[in-house]
Amino acid sequence: MPKYLIQATYTSEGVKGLLKEGASGRRAAVDQVVTGLGGTVESVYFAFGETDIVLIIDLPDPVSMAAISLTVKASGALHTQATPLLTTEEIDEAAHRQVPFRAPSA
């Protein structure tokens, strides 16, 4: 199952919701969204600085990740960045694949 690192920053409206619900309320909301699409939440961390929340989640496919991303961004409560995470074995497999590529000539 594809794994993703999600980094998000709350807007002022999102922070108001966090203050109202608390961190456990937001964690429950994340769990509901991810499990509702057949995924699992590996970890959730709150932070301060440029990023307010960091998650690692597993989802059945990239379309599920795109659906979550579009829905969350449309809310206006968060600015998010999703990064696909690859295992050591997946990178080893990629390193051994032949790719028919020709660099542009100068």
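In the predicted model, Asp52 is located in the loop that joins β2 and β3. This residue is buried but takes part in no salt bridge; the nearest side chain of opposite charge belongs to Arg26, at a distance of 11 Å. Apart from neighbours within four places in sequence, the contacts of Asp52 comprise Ala8, Thr9 and Tyr10, together with Tyr45, Phe46 and Ala47. The hairpin formed by β2 and β3 has 6 residues between its strands, and within this hairpin Gly49 adopts a positive phi near 120°.

Strand β3 (residues 53-58) pairs with two strands, as described in turn below. With β1, which runs over residues 3-10, the pairing is antiparallel and extends over 6 bridges. Within this pair, Tyr4 stands opposite Ile57, and Leu5 is placed opposite Ile56. The pairing of β3 with β2 (residues 40-46) is likewise antiparallel and also comprises 6 bridges; here Val44 faces Leu55 of β3.

In contrast to Asp52, which lacks a salt bridge, several other charged residues are joined in such pairs, and the count for the model comes to 6 salt bridges. One of them connects the side chains of Asp58 and Lys3, with an N to O distance of 3.0 Å. This pair links distant parts of the chain, since Asp58 lies in strand β3 and Lys3 in strand β1, 55 residues apart. The two partners fall into separate accessibility classes: Asp58 has a relative accessible area of 12% and is therefore buried, whereas Lys3, at 27%, is partly exposed.

A further salt bridge joins the side chains of Glu21 and Arg26 at 2.9 Å, N to O. Glu21 counts as partly exposed, with a relative accessibility of 41%. Arg26 is also partly exposed, at 24%; this arginine is the residue identified above as the nearest side chain of opposite charge to Asp52.

The side chains of Arg27 and Asp31 likewise meet in a salt bridge, with 3.1 Å from N to O. Both residues lie in helix α1, where their separation of 4 residues corresponds to about one turn of the helix. Arg27 has a relative accessibility of 29% and so counts as partly exposed; the value for Asp31 is 24%, which places that residue in the partly exposed class as well. Salt bridges with shared partners additionally join Lys3, Glu42 and Asp58 into one network.

Note on methods
Residues numbered from 1 in each chain as written. Predicted model: local features only at pLDDT ≥ 70, side-chain atom pairs only at ≥ 80, totals over all residues. Heavy atoms only, no water. Pairing = 2+ DSSP bridges. Buried < 20%, exposed > 50% of the residue type's maximum accessible area, 1.4 Å probe, protein only. Lys, Arg positive; Asp, Glu negative; His and termini not counted. Salt bridge = Lys/Arg side-chain N within 4 Å of Asp/Glu carboxyl O. Contact = heavy atoms within 4.5 Å.
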